[in-house]
Amino acid sequence: MDTLKKAGAMLAHLDLFHQMLDLRGLLQLAAHMEERGDRVTLISPAHITLIGAEMLSDAGVTTGKGARIEAATAYRVLQGLKGHDAPEYAVTREELGALNARAVAELEGGGALKAFADTLARIGAAPAAPAQTPGHEEPAPAERPGRGRRAAESEGQPSEQPAA
């Protein structure tokens, strides 16, 4: 199976990848809160507000390590994790960690991760190179570039040009 086919087999798992990426964003947000010393974060569809020694509110947060967490994504993920609608969610970094741990446990016990493991096993079991038929060997690579018919015909005959 070639690389393109292997990549295509992963398309069925895009939802899992996106879910994992979104959960990672919450962990990055919790780490950013800890770096800043924030106590709580308010997350609405339009803004993330970090509350600690100083208050910061924006449509997204960029961590010290360069990760970007968008308010709309964080809000959607929290809405699913908390299981209820709210105009905004207030979370501590400890709660973000606990919500993430619960979500990871649910992923590990769910069918999506098993299906992904099955796909990995299927594409990993494919031979890396075409199988050789018994008694048939691949030709060794040429040591020098191929020559045209005229060069092959004149080989073995003395050259008409003097050697330099």
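On a 1 Å grid over the protein atoms alone, a pocket is an open set of points where a 1.4 Å probe fits, with protein on both sides within 12 Å along at least five of seven lines. Its volume is the space filled by probe spheres set on the points.

This is a predicted model, where local features need pLDDT of at least 70 and side-chain atom pairs count only at pLDDT 80 or more, while totals for chains, interfaces and linings use all residues. Residues are numbered from 1 along each chain as its sequence is written, and side-chain values use heavy atoms, without hydrogens and water.

**Exercise 1.** Describe the largest pocket and its lining.

*Step 1.* The largest pocket holds about 160 Å³ of space.

*Step 2.* Lining residues have an atom within 4 Å of a point; among them are Gln19, Arg76 and Leu107.

*Step 3.* Helices here are DSSP runs (H or I, at least four residues). Helix H2 (14-36), H3 and helix H4 (93-109) each give two or more residues to this lining, and H3 gives the largest share, four residues.

**Exercise 2.** Work out the strand order of the open sheet.

*Step 1.* Strands are DSSP runs too (E, at least two residues), and two of them pair if DSSP finds at least two bridges between them.

*Step 2.* The four strands follow the order E3-E2-E1-E6, with antiparallel pairing.

*Step 3.* Strand E3 (56-58) and strand E6 (89-91) are the edges, each pairing on one side only.

*Step 4.* Now look at one pair: strand E2 (residues 48-51) and E3 share three bridges, and Thr49 stands opposite Ser57 in E3.
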